[in-house]
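Visitor: I am new to this structure. Please show me how to read it, feature by feature.
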Amino acid sequence: MRKGLLLTLFMAMFLIMLVACSNTNNKVEEEEQEEVEKLDPESFAEAFRKGDYEQVYGQLSESFQKEVSVKELKSLGDDFHKDISTYVLQSKMPYGDDAVQYVWTDDSGTKGLIAVFDEEKIVQGLQIMPLEIYPDTDEVYTKTKFNMPFEHNWFVFWGGINPLVNYHYEYENQRYAYDFVKMEEQSTYEGDPMMNENYYAFGEKYIAPADGTVVKVENDIKDNEPVGKMNDKEPLGNYVIIDHGNDEFSYLAHFKYDSIEVKEGDEVKQGDLLGLVGNSGNSSEPHIHFHVADSSDPNTSKSIRISFEQDEEIKQGDFVEK
């Protein structure tokens with residue numbers, strides 16, 4: 001589910017450079033760059049678009065500056081930005097212990113920018129790339145009104161209608177999926193990250209998002225060890241698929257091993273307990289995966305954008321409370 005810290009600069013999907021950074025490097029960078037008047041992260045994308053390359057370059061980490069010159073940055077930027085009139089901030093979210101990731105797209109949604117800033121506003125990661133979008137289906141919502149498949153307050157780790165904020169978006173069968181985690185003080189766990197029990201999401205109630213009939217259940221897959229090898233042979237892990245009518249089927253995945261309380265054929269109401277949140281399947285840590293599709297076949301179905309009872313757009317970086 002997770003991606004590692006973005007430390008690459010892309011142009012038209014080709015790798016331009018790979019930069020490694022460390023805490024010791026950061027200290028040197030802070031000393032050498034402290035005289036640079038740093039841009040606020042919120043205004044960084046527009047400065048880059050407008051061609052303030054000296055300012056942008058001065059805010060890149062020392063490691064970055066060793067790999068690319070201001071002249072090369074200008075060449076990349078001029079080419080990439082020639083058709084962009086503005087950037088729109090899509091998400092802001094913690095990245096690691098002391099970094100924040102910002103994601104922008106242009107107003108057409110066809111170009112994107114990601115920047116990762118450390119505590120000193122130094123840019124440790126930068127990525128620019130063209131984006132493929134699907135406007136024909138982006139505006140088609142479910143007829144069913146769904147609620148959240150959880151209780152209390154959760155964080156949207158993946159969700160939205162471009163691949164920068166939602167890696168599922170590139171795959172038709174789960175294009176409009178969401179991954180939810182529980183987060184406190186910018187972390188999803190406390191203690192040893194190799195133990196499922198230390199993740200706030202693990203063992204939480206997983207509830208039905210709308211009325212329907214349970215049509216498929218898997219309950220016998222062992223949970224993965226966090227940050228270890230994921231089970232890509234059984235990507236959904238333990239799961240429940242619910243038929244809500246209107247050719248709309250909700251997929252709820254990664255349940256805790258042997259925790260599912262419903263069986264095929266059961267009628268459920270919104271809010272009914274389905275089971276407990278786990279870390280089974282193609283999952284690196286305990287979380288909720290939720291999407292809606294037009295059939296109960298996970299391989300051939302097509303994802304549908306979810307219409308929520310909350311009547312608000314939900315995307316990466318949002319905290320959602322039920």
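Visitor: Which residues does F155 touch, not counting residues up to four places away in sequence?

Guide: Start with the ground rules. This is a predicted model, where local features need pLDDT of at least 70, side-chain atom pairs count only at pLDDT 80 or more, and totals for chains, interfaces and linings use all residues. Residues are numbered from 1 along each chain as its sequence is written, and side-chain values use heavy atoms, with hydrogens and water left out.

Guide: Now the contacts. A contact means heavy atoms within 4.5 Å. By that rule F155 touches M93, P94, D179, F180, V181, M183, G317, D318 and F319.

Visitor: Where is F155 placed?

Guide: Look at the strands. Helices (H or I, at least four residues) and strands (E, at least two) are DSSP runs, numbered from the N terminus. F155 sits in strand β8, residues 153-158.

Visitor: How many helices and strands does the chain have?

Guide: The chain has 6 helices and 18 strands. Of its 322 residues, 51% count as buried. Contacts can also be sorted by sequence separation. Among those between residues at least 6 apart in sequence, 66% join residues at least 24 apart.

Visitor: How many salt bridges does a search of the whole structure find?

Guide: First the idea. Side chains of opposite charge can pair when their charged atoms come close. A salt bridge here is a side-chain nitrogen of Lys or Arg within 4 Å of a carboxyl oxygen of Asp or Glu. The search finds 9. One of them joins K182 and E204, with the closest N and O atoms 3.8 Å apart. Both K182 and E204 lie in the loop between β9 (178-181) and β10 (205-207), and they are 22 residues apart. K182 counts as buried at 15% relative accessibility, whereas E204 is partly exposed at 25%.

Visitor: Which residue forms a salt bridge with D211?

Guide: K269 does, and the closest N and O atoms are 3.9 Å apart. D211 lies in the loop between β10 and β11 (212-218), and K269 in the loop between β14 (267-268) and β15 (273-276), so the pair ties together parts 58 residues apart in sequence. D211 is partly exposed at 40%, and K269 is exposed at 52%.

Visitor: Which residue meets E313 in a salt bridge?

Guide: R305. The N to O distance is 2.7 Å. E313 counts as exposed, with 52% relative accessibility. R305 counts as buried, with 9%.

Visitor: Which residues gather in a patch of negative charge?

Guide: Patches are made of residues with over 30% relative accessible area and no salt bridge: like charges are joined within 9 Å, and nonpolar side chains (Val, Leu, Ile, Met, Phe, Trp, Tyr) within 5 Å. Lys and Arg count as positive and Asp and Glu as negative; His and the chain ends are not counted. A charge is placed at NZ of Lys, CZ of Arg, CG of Asp or CD of Glu. The surface patch gathers D97, D98, E119 and E120. E119 lies in the loop between β5 (111-117) and β6 (123-130) and counts as exposed at 63%. D118 also lies in the loop between β5 and β6, but D118 counts as buried at 12%.

Visitor: What is the phi of E185?

Guide: Most residues other than glycine have a negative phi, and most peptide bonds are trans. E185 has a positive phi, near 50°. E185 is in the loop between β9 and β10, exposed at 80%. V227 also has a positive phi, about 60°, although it is not a glycine. V227 lies in the loop between β11 and β12 (238-243) and counts as exposed at 56%.

Conventions. Accessible areas come from the Shrake-Rupley method with a 1.4 Å probe; for residues, only the protein chains shown count as cover. Buried means under 20% relative accessible area, exposed over 50%, partly exposed in between (1.4 Å probe, protein chains only).
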